[in-house]
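Here is a short briefing to read alongside the model. Have the viewer open and follow along.

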Amino acid sequence: MKTVMILGGAKGVGKEILKSCLQKGYNVAFSGRQKAAGTDLIKSLNAKESLYFHELDLNSIDGIEDFYNETIKRFKKIDSLVLYAGITPIASILDAEEEIYDSVFNVNLKAPFFLIKHVLKSMVSQKSGSIIFFGSAHMDYGAIDRAPYALTKNALNTLSTHIAHHYAKYGVRSNYIVMGWTNTEGELALRYKEGISEQELKAQVSDVIPMGRMLNTFDPVPAVMHLISDQSSMTTGSIIRITGGEYI
């Protein structure tokens, strides 16, 4: 039985990955800032034995090692690490404040790096493991109002290929999923603040995405499940674009 660790997992695509892992019979450790959200999800899925939730604020790495230790304590091993959590603040180079810059780097880059530090040691010891990064089409140069975000997503791609190159000899693989414009809770909340409804957003995006629609939270899941599975045992250092053809 596999154990999957998700940085995030209580919302959006992360939650759909969690549910798909349960259907496969996997154990899942997941995290989030809101304890109630994690507890409610475990109850709703009636999966107390297979799920572990760890309350975690990624603006600090103080709880990162505890998340790792508690997962090992509960499930004994980690077969796959899915790095889903992230924030997407609106900020160009010209108007980015230090607080926004630090926050996006803490959540999107620093927290994953230090979680990987612990998980990678475990994977090297057991001579196997799959690390899956969630990236963005902003990774190449990014929209003008997503400058700090674009930098973090590009850095995560470098981190993924670094792991793929240096740790393949230990049976550890690392791959990077480029997730396109998706109707996650965070995206919808951001647009609501701008006065844009979900219906209006989908109509707007349909003119931008070459394949004619916004991604839903299920679209990236099959690729993630493949990378978790042993069927992808020789796949490492890859970039998988699930963007509907969008290149920013």
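How do the residues of the lining of the largest pocket divide into nonpolar, polar and charged? They divide into 20 nonpolar, 17 polar and 13 charged, where Ala, Val, Leu, Ile, Met, Phe, Trp, Tyr, Cys and Pro count as nonpolar, Asp, Glu, Lys and Arg as charged, and the others, Gly among them, as polar. This is a predicted model, in which local features need pLDDT of at least 70, side-chain atom pairs count only at pLDDT 80 or more, and totals for chains, interfaces and linings use all residues. Residues are numbered from 1 along each chain as its sequence is written, and side-chain values use heavy atoms, with hydrogens and water left out.

**The largest pocket**
- This pocket holds about 1500 Å³ of space (a pocket is an open set of points on a 1 Å grid where a 1.4 Å probe fits, with protein on both sides within 12 Å along at least five of seven lines; lining residues have an atom within 4 Å of a point).
- Of its 50 lining residues, Gly86, Ile87, Thr88, Thr184 and Gly186 lie nearest the centre.
- Helix 6 gives the most to the lining, with 7 residues (helices are DSSP runs of H or I, at least four residues, and strands are runs of E, at least two, numbered from the N terminus).
- Elements supplying at least two lining residues each include strand 1 (3-9), strand 2 (27-32) and helix 6 (185-193).

**Helix 4 with helix 5**
- The axes of helix 4 (98-126) and helix 5 (147-167) come within 9 Å and cross at roughly 15° (axes are lines fitted to C-alpha atoms over the stretch in contact, and angles run from 0 to 180 degrees between N-to-C directions).
- That makes helix 4 roughly parallel to helix 5, since angles under 35 degrees count as roughly parallel.
- By class, their contact (heavy atoms within 4.5 Å) has 17 nonpolar, 2 polar and 1 charged residues.

**Helix 3 with helix 4**
- The axes of helix 3 (64-75) and helix 4 come within 9 Å and cross at roughly 35°.
- Their contact has 8 nonpolar, 2 polar and 1 charged residues.

Definitions and conventions
Parallel < 35°, antiparallel > 145°, perpendicular 65-115°, else oblique. Points joined across faces, edges and corners; volume = space filled by probe spheres on them.
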